[in-house]
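Me: I'm new to this one and would like to learn how to read it. Can we start with how helices pack?

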Amino acid sequence: MESLAQLEVLCERLYNSQDSAERSHAENTLKCFSTNIDYISQCQYILDNALTPYALMLASSSLLKQVTDHSLSLQLRLDIRNYLMNYLANRGPELQPFVIGSLVQLLCRLTKFGWFDDDRFREVAKESINFLNQATTDHYAIGLKILNQLVSEMSQPNPGLPSSHHRRVACSFRDQCLFQIFQISLTSLHQLKNDAISRLQELALSLSLKCLSFDFVGTSIDESSEEFGTVQIPSSWKPLLEDFTTLQIFFEYYALTKPPISKESLECLVRLASVRRSLFTNDAARSKYLDHLMSGTKEILRTGQGIADHDNYHEFCRLLGRFRINYQLSELVNMEGYVDWIRLVAEFTSKSLLSWKWASSSVYYLLGLWSRLVSSVPYLKADSPSLLDEFVPKITEGFITSRLDSAQAGLPDDISEHPLDNVDLLQDQLDCFPHLCRFQYESSSLFIINVMEPILQTYMERAQLQTGDNSELSVVEAKLAWIVHIVAAILKIKQSVGCSIESQEVIDAELSARVLRLVNVADSGLHSRRYGELSKQRLDRAILTFFQNFRKSYVGDQAMHSSKQLYARLSELIGLNDHLLLLNYFVQKIATNLKCYTESEEVIDQTLSLFLELASGYMTGKLLLKLDTVKFIIANHTREHFPFLEEYRCSRSRTTFYYTIGWLIFLEDSAALFKSSMVPLQQVFITLGSTPETMFRTDSVKYALIGLMRDLRGIAMATNSRRTYGLLFDWIYPAHMPVLLRGISHWADTPEVTTPLLKFMAEFVLNKAQRLTFEISSPNGILLFREVSKLLVAYGSRILALPNVADIYAFKYKGIWISLTILSRALAGNYVNFGVFELYGDRALADALDIALKMTLSIPLADILAYRKLTKAYFAFVEVLFNSHLVFVLSLDTHTFMHIVGSLESGLKGLDAGISSQCASAIDNLAAFYFNNITMGEAPTSPTAVNLARHIADCPALLPEILKTLFEIVLFEDCSNQWSLSRPMLSLVLINEQMFANLKAQILASQPVDQHQRLASCFDKLMADITRSLDSKNRDKFTQNLTIFRHDFRVK
């Protein structure tokens, strides 16, 4: 670098340039600062002398990367730390905020990584107090920033640090410093309360929040989950939390400040409301704490201060929601101000429900609070009234009314905004609501019926008309969709408070009868012409949700005999007196949807999901087969009867449709039924088979082929036994296999065709539940593999000849990974004796392996590792190769062999434990072969052993590198598959003990000198009682030793 001025220009370009090429050039030129240790002194020079903030930013961020990625000497790290402290003290106030942030992050990273190396690193909290004691506000802000970043750094895991080491540092920091830092934050809040400098107030509040959000016990608090809803504050904090002023200061800040500071005050209160119950000295202390929380929230509810801001409002709802997690109704009821508090919360909830447009995502917390309170009523023994009888019905009615109001307002038909389309939000709101309805079920159900009847009546009347007002009908359908969703949610849970099971069933029947009556109306008259309308689709999806929940509660295999009251009442109301009639009702609706909906994927998918649920229940599946509608579907699954099969957008749904049909056919276990049901597919095969070559590249053939492959995959998925698979195999082979080969040959350049075709083949060759078990005299396994080989060679030879396109994954990689999956499944299926091929001079196996290898070598390793599905398929294939076809691997040229083994090393280093284990298994097979045939053999005699010896001779560093990688993973990373990794380690150690001795010396050299003796004895213990053999007993002993070795080695 010629001069500092040039560097400053480059830094300016790096951070500010709009031109990506210019930015990239600057980045490559300046990369040396963050990767080369020799440039650390240059970074200090830049910090001392540079004038632009971007140059300072470069120096700071480069040092951060150096500290994170490299093992710097202790003295150098201490020097950088001390330099930073002085630099921030002297020059901090004049620096840009982003530069201060980067320097503070560097200081905190040094502190964390050096926490156990020297006591001076632990003094950062004390030194931060010096900043707070300075006269200037800038120094005060820097002190708070350091503490903020320090708490964040200690709580968050770092990529370069093993998680066990991170936890040890975090626990030590928690025990030694965190309480003091929390006290500093509270002191600062008290000092700054009357200060106008909101920047400092925000930093102090943020520090309190970070302390309270610290991962105290290593569970990574998940705010959305109740499991981790308790904050595990250490016992030493007890006096501070029992002190009234701690809660009070956050309520005061909420009252004094504006967003976003007021929101942070509430966030602190949310965490304080979640403090573990066992922290307090006794029940009296807990009650006092609860009293302060209730008083503070009551004041906010009474005045409504700050709640007009949406963020404040949402956080306040969360604060109220926390009362349900940490406190019991019996405790709340005994509080002095409970009556006022519960009344104010009820009023607040009612207002929130009315503001449905504004508060939709926050209402969840309020409904959750009420449902938890209601669920606790049976356990309430106190004399004090809970007053829930008075408020809950109002909230229930308010919720229903607000949903209908939202429908009346006619929300936009944008799928992302409509509440009936947002499945997750709908689920959240309706999960808590049924508990409120069932609290006083008779009055709630009466209210629902009274609301529903007139709307249903209007809907029935509109069905008789020839034309109707579209927008008015849409509103009616939206209202009905909400009511049906609410009824469906109520049916999902059956427990209730203060109401017998029999009377509950009768009320369930009353509500269900209305929905079932609606089902008939929705598909009649004028409404039968509205399947293209979004509001009609939403109503039908609500009806399907109702069917799904009703089935789980009252039609499932378990519920068959326990619902007499429900069926008696349904019989009186609409004449449905048993399961079979009701199932017929369901199936008729399923058939209607499949006939009438051609374009709505959502409705088709949900309909098919219900159909599959019904078919896959053992009892319900058998009952379905008695129904005429189901018999009709099984016999006539053609596009004339079910137009959605012709709609390309719904072609993915075909697989589910045929999976269900297959399931039902195979329940009967009748070859005649199977053959008659396959007639429509047989016709398609015959048509395709008779199509001349010149006509095979037409759209009609393309879509017929795509549909046929999706259908066949569904049928193949449904074959779960030797008998059912045999029916499908005999039907498809040999008659129809040529069509598949023609399809792949003519359409290899069209992923829309090849993907479903290859996916069908991947399912067809999968030996799940041992379904591919042929008779001992049957050649079917070998014949099937020959077809697989022909198909893969046809696809592979064509796809490799095609040029690459922009979306290379969809065009090439997807087909290649499915091909690899097909071959892996066929090779590992255990239904082919592969020795037969070579014995009889059949090239099927050799050709399949050759083309698969060519396909894998055509993809750069970086791309293989970048696409998750491709990664899985590739390593599964390589594992099978090394396990069963090592002769083929070793017959490759050295360059290709090295590439494959090198990819295994990359797989070991990946984050996926499954892939890492597959790579370990492959390496173990290779190393065990070397040990048994070369190390322990007299001299390599077999051609395979000679090949392996030649490969290793050409690249002697290969095996030592892999062994080094394995040791580094076990010693320095958190590996969940240590057992799998131990297997190849022993094989490699035994191959060449000198190699192991060299590695041991390397590892010791990288550790501090004072640790050498201890670590050397760890290595000695690793090989204690290990013999020179690879029998299972010796392997198990090594695995045990490795566990102890890893533990002893990592103890500081």
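Reply: α40 passes α42 in a left-handed crossing (the near helix is turned anticlockwise from the far one by less than a right angle; clockwise would be right-handed). Helices here are DSSP runs of H or I with at least four residues, numbered from the N terminus. Keep in mind that this is a predicted model, where local features need pLDDT of at least 70, side-chain atom pairs count only at pLDDT 80 or more, and totals for chains, interfaces and linings use all residues. Residues are numbered from 1 along each chain as its sequence is written, and side-chain values use heavy atoms, with hydrogens and water left out.

Me: At what angle do the axes of α40 and α42 cross?

Reply: Two packed helices are described by the angle between their axes and the distance between the axes. Axes are lines fitted to C-alpha atoms over the stretch in contact, and angles run from 0 to 180 degrees between N-to-C directions. For α40 (residues 808-828) and α42 (residues 844-857), the axes cross at roughly 145 degrees and come within 10 Å. Contact means heavy atoms within 4.5 Å; among the residues making it are Leu 820 and Leu 823 of α40, and Ala 848 and Leu 849 of α42.

Me: And how are α44 and α47 oriented to each other?

Reply: Their axes, for residues 868-884 and 913-935, come within 8 Å and cross at roughly 20 degrees. So α44 and α47 are roughly parallel (under 35 degrees; over 145 is roughly antiparallel, 65 to 115 roughly perpendicular, the rest oblique). α44 also passes α47 in a left-handed crossing.

Me: Which ring does Arg 697 lie over?

Reply: Arg 697 lies over the face of Trp 747, 4.5 Å from the ring centre. The cut-offs are NZ of Lys or CZ of Arg within 6 Å of the ring centre and within 35 degrees of the ring normal.

Note on methods
Helix = DSSP H or I, 4+ residues; strand = E, 2+ residues; numbered from the N terminus.
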